[in-house]
Amino acid sequence: VIGDVRDQERLIRCMLGVDYVVHAAATKIVPTAEYNPAECIKTNINGAMNVIEASLIAGVDRVVALSTDKASNPINLYGATKLASDKLFVASNVSETGATSFAVVRYGNVMGSRGSVIPFFISRKKTGELPITHPEMTRFMISLEEGIEVVWHAFEDMLGGEIYVKKIPSMKVTDIASTISPEAKQIII
């Protein structure tokens, strides 16, 4: 089935008879969020509220919301909306029925995923220049398999209200750029 996280009625219909839900929908590209703040809020905050409400109505047993390292002390709209989403999921554990448990999994860049710095640098490799926001900037990196393991751990371990943060390696963006394209010039933007 397809649907939209902004459409609560569709979410309810899709969740009937479902035991576990992973909430992964988000406007996650930082510039996209900054230039389209209302759309980011509709997806990341209102969408989170829709997932919560639909889960409660449908009687889902456990819900894990995917979050980001950017939700910790946010400096941009994406991080701020994900922090708000995280707080909504944690607070939802005090529902009147108590039948649905909610938890959050927070990690960094899923290597190779859409929006990750790796495919971005690969796409820019032929230009001979890679844009670097700041030479000291770092990124937390996690493989898709590790990300899935954290979600499964949350489902098995959660009581409700937890924010799971896996300790993962941090890499300088300049090192990632050099590894992907050693000959490219790094332009500080």
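Visitor: How many disulfides does the count come to?

Guide: The count comes to zero disulfides. A disulfide here is a pair of cysteine sulfur atoms within 2.5 Å. A word on the ground rules: this is a predicted model, where local features need pLDDT of at least 70, side-chain atom pairs count only at pLDDT 80 or more, and totals for chains, interfaces and linings use all residues. Residues are numbered from 1 along each chain as its sequence is written, and side-chain values use heavy atoms, with hydrogens and water left out.

Visitor: Why is Cys40 called buried?

Guide: Its relative accessible area is 0%. Buried means under 20%, exposed means over 50%, and partly exposed is in between (1.4 Å probe, protein chains only). Cys40 is therefore buried.

Visitor: What is Cys14 called, buried, partly exposed or exposed?

Guide: Cys14 has a relative accessible area of 29%, so it is partly exposed.

Visitor: Why are α1 and α3 called oblique to each other?

Guide: Start with the angle. The axes of helix α1 (residues 8-15) and helix α3 (residues 37-58) cross at roughly 40 degrees and come within 8 Å. Axes are lines fitted to C-alpha atoms, for helices over the stretch in contact, and angles run from 0 to 180 degrees between N-to-C directions. Helices (H or I, at least four residues) and strands (E, at least two) are DSSP runs, numbered from the N terminus. Under 35 degrees counts as roughly parallel, over 145 as roughly antiparallel, 65 to 115 as roughly perpendicular, and the rest as oblique. So α1 and α3 are oblique.

Visitor: Which residues of α1 and α3 meet?

Guide: From α1 come Gln8, Leu11, Ile12 and Met15. From α3 come Asn50, Val51, Glu53, Ala54, Ser55, Ile57 and Ala58. Contact means heavy atoms within 4.5 Å. By class, this contact has seven nonpolar, three polar and one charged residues. Ala, Val, Leu, Ile, Met, Phe, Trp, Tyr, Cys and Pro count as nonpolar, Asp, Glu, Lys and Arg as charged, and the others, Gly among them, as polar.

Visitor: What makes α3 roughly parallel to α4?

Guide: The axes of α3 and helix α4 (residues 77-91) cross at roughly 15 degrees and come within 9 Å. That angle makes α3 roughly parallel to α4. The α3 side of the contact includes Cys40, Ile41 and Ile45, and the α4 side includes Leu77, Tyr78 and Phe89. The class tally is 13 nonpolar, three polar and one charged residues.

Visitor: Why are α5 and α7 called oblique to each other?

Guide: The axes of helix α5 (residues 117-124) and helix α7 (residues 173-180) cross at roughly 45 degrees and come within 10 Å. The pair is therefore oblique. Val117, Ile118, Phe121 and Ile122 of α5 meet Val173, Ile176, Ala177 and Ile180 of α7. By class, that contact has eight nonpolar, no polar and no charged residues.

Visitor: Why is Ser181 called buried?

Guide: Ser181 has a relative accessible area of 1%, so it is buried. Ser181 sits in the loop between α7 and β9 (185-188). Leaving aside neighbours within four places in sequence, Ser181 is in contact with Lys125 and Leu130.

Visitor: Why does Asn73 count as exposed?

Guide: Asn73 has 68% relative accessibility, so it counts as exposed. Asn73 lies in the loop between β2 (62-68) and α4. Its phi is positive, about 55 degrees, although Asn73 is not a glycine.

Visitor: How do you know that Glu149 and Tyr35 are exposed?

Guide: Glu149, in helix α6 (residues 144-157), counts as exposed because its relative accessibility is 53%. Tyr35, in helix α2 (residues 30-35), counts as exposed because its relative accessibility is 71%. The C-alpha atoms of Tyr35 and Asn109 are 21 Å apart in space, and the two are 74 residues apart in sequence.
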